[in-house]
Amino acid sequence: MSITAKERVKSFYEKDLLKDQSAFVEYLHPDVTLDWNSSFGFNQRNYNELVEMFADMGNSFMSLRCEISHLLEEKDVVTVRYTYFARPIEEPEQEDAIAHFVTIWELKDKKLYKGYQISQQADNTLETLSSFLLK
């Protein structure tokens, strides 16, 4: 039984990317690029830069959890809307939303290949967080 593109992307976001470096080899195409528009501006990340970014985040956070609100698939293109929650090293008992994302992934060879992402810093108001719940 073959896994769908949607299931593949969902599985990637369910991984603990701070602690499981093997997830990058398993899920990211070696030629992956992520075009990222955020409140800090535009940047493009390749495979090594994505791995390094999560390694750097591991220096600040005890854990990182992704909560997906929407997941849409059309052939080998998957759109995912999600929020990352983190527990800072300084306060490991406190978990806060750190950012909201919408990412469109093109898959190649069953791996995430081309990503187009927008993000904004999260606020922890009930109204904002509830907008990311499936209704």
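Guide: Here is a short tour by question and answer. This is a predicted model, in which local features need pLDDT of at least 70, side-chain atom pairs count only at pLDDT 80 or more, and totals for chains, interfaces and linings use all residues. Residues are numbered from 1 along each chain as its sequence is written, and side-chain values use heavy atoms, leaving out hydrogens and water.

Visitor: What makes β2 and β3 edge strands?

Guide: Two strands pair if DSSP finds at least two bridges between them. The open sheet of six strands has the order β2-β1-β6-β5-β4-β3, with mixed pairing. β2 (41-46) and β3 each pair on one side only, so they are edge strands. Strands here are DSSP E runs of at least two residues, and helices are H or I runs of at least four, numbered from the N terminus.

Visitor: How do you know that β5 and β6 pair?

Guide: 10 bridges join β5 to β6 (residues 111-121), and the definition asks for at least two, so they count as a pair. They run antiparallel, and Phe-101 has Ser-119 in β6 as its bridge partner.

Visitor: Why is the largest group of 32 residues called a nonpolar core?

Guide: Because such a core is a set of buried Ala, Val, Leu, Ile, Met, Phe, Trp, Tyr and Cys residues joined through side-chain atoms within 4.5 Å; buried means under 20% relative accessible area (1.4 Å probe, protein chains only). Tyr-13 and Trp-105 are among those with the most contacts inside this core, and α3 gives the most to it, with six residues.

Conventions:
Buried means under 20% relative accessible area, exposed over 50%, partly exposed in between (1.4 Å probe, protein chains only).
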